[in-house]
Structure formats: structure tokens, C-alpha cells
Amino acid sequence: GTEEQPGRVATLVEDPKGSVYGLGFEISQEEAATTFNYLNDRETGYNLKEVTFHPCDPAFPKQKVLVFIASTENSDYLGSAPLEEMAECIATSVGQSGPNYEYLFNLAHMMRLLFPMCYDSHLFELEEDKQWYQRRVRGFTRDLQLN
């Protein structure tokens with residue numbers, strides 16, 4: 001999105017009882033400073049927090065990792081909204097990385113591919129609602145398909 005019309009992204013919020021599926025990446029010492037400078041610039045307004053990562057494969061040990069957690073004090077934090085409102089925002093927002101709906105569809109596709117055991121009802125309902133909104137309001141005759 002843009003400052004005038006912000007888009008939506010998957011955002012981690014602090015929840016002591018919550019969990020999230022994702023990938024962990026190990027960064028070499030040589031690349032650590034450059035990587036953290038880039039991430040700190042990109043994730044402005046988010047808090048860096050150490051959490052325990054539990055790999056899906058029990059052959060790998062738990063380990064401490066760093067994640068960026070949303071802060072309600074961040075002026076870019078949009079917070080929760082009705083599903084239809086989020087779908088409209090996603091359908092109409094375009095930023096420097098492209099249309100917001102591509103982000104949504106790619107995220108849903110990757111969740112199904114990498115974590116088939118995890119049904120993220122919010123994500124998939126938003127994806128379905130976004131497709132309905134796109135057809136009805138924007139006049140599309142077919143859903144976008146990922147290759």
C-alpha cells in the first residue's frame with residue numbers, strides 16, 4: 001500500500017497463548033549486521049523479541065529466534081477490522097511491491113504448500129472474501145490463479 005491507502009500484511013501480535021507457523025532462518029555472523037540493518041529499516045515500528053521456535057520435525061531441537069512483533073503504538077498498524085473491510089482494502093491497495101491481493105494469494109498458497117496441517121481460518125476466509133469482492137466490485141470474470 002501507500003501512505004494514502006495502506007495495504008494489509010500478516011502481522012504478529014503478542015499473545016501468550018498464541019502460536020504461529022513459519023520458517024526459521026539462520027544468519028551467518030558475516031551477514032548479521034547487514035541483515036539486521038535491513039530488517040530494522042523495513043520493520044520500523046515493530047518490536048524485536050526473542051521467542052522459542054519449535055520445529056515441526058521433532059528431529060530438530062527447539063531454539064531461540066528473533067521475531068518482529070506489531071505494536072499498537074506504530075502509526076502504520078491498522079489493527080483488526082471486519083473481514084469485508086479488510087478484503088476491500090486488499091482488493092484496492094497497491095504499493096511498491098505490487099498489488100496487495102498478490103501478497104494475500106501468495107501467502108495463502110504458501111501456507112497450504114508448507115503447512116498443510118495448519119488451517120488458518122482467518123487467512124483463508126479473507127482470501128475467499130477478497131475473491132468475491134474482486135469479482136463483484138472490480139468486475140473480474142475469473143479468480144487469479146497462482147502457478
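## Around Asn 100

Skip the neighbours within four places in sequence, and Asn 100 is in contact (heavy atoms within 4.5 Å) with Gly 7, Arg 8, Cys 89, Ile 90, Ser 93 and Val 94. The side chain of Asn 100 also reaches the backbone nitrogen of Arg 8, at 2.7 Å.

Asn 100 sits in helix α3; helices here are DSSP runs of H or I with at least four residues, strands are runs of E with at least two, and both are numbered from the N terminus. Because its relative accessibility is 6%, Asn 100 counts as buried, a label for anything under 20% relative accessible area (1.4 Å probe, protein chains only).

## Where the numbers come from

This is a predicted model, so local features need pLDDT of at least 70 and side-chain atom pairs count only at pLDDT 80 or more, while totals for chains, interfaces and linings use all residues. Residues are numbered from 1 along each chain as its sequence is written, and side-chain values use heavy atoms, with hydrogens and water left out.

## The nonpolar core

A nonpolar core is a set of buried Ala, Val, Leu, Ile, Met, Phe, Trp, Tyr and Cys residues joined through side-chain atoms within 4.5 Å. The largest one has 14 residues, and those touching the most other members are Ile 90, Leu 104, Met 111, Leu 123, Phe 124 and Leu 126. At least two residues each come from α2 (83-92), α3 (100-114) and α4 (121-138), with α3 giving the largest share, 5 residues.

## The whole chain

The protein chain has 4 helices and 4 strands, in the order α-β-β-α-β-β-α-α from the N terminus on. Of its 147 residues, 24% count as buried.

Conventions
Buried means under 20% relative accessible area, exposed over 50%, partly exposed in between (1.4 Å probe, protein chains only). A polar contact is a pair of N or O atoms within 3.5 Å; within protein, one must be able to donate a hydrogen and the other to accept it, and residues adjacent in sequence count only if both atoms are side-chain atoms.
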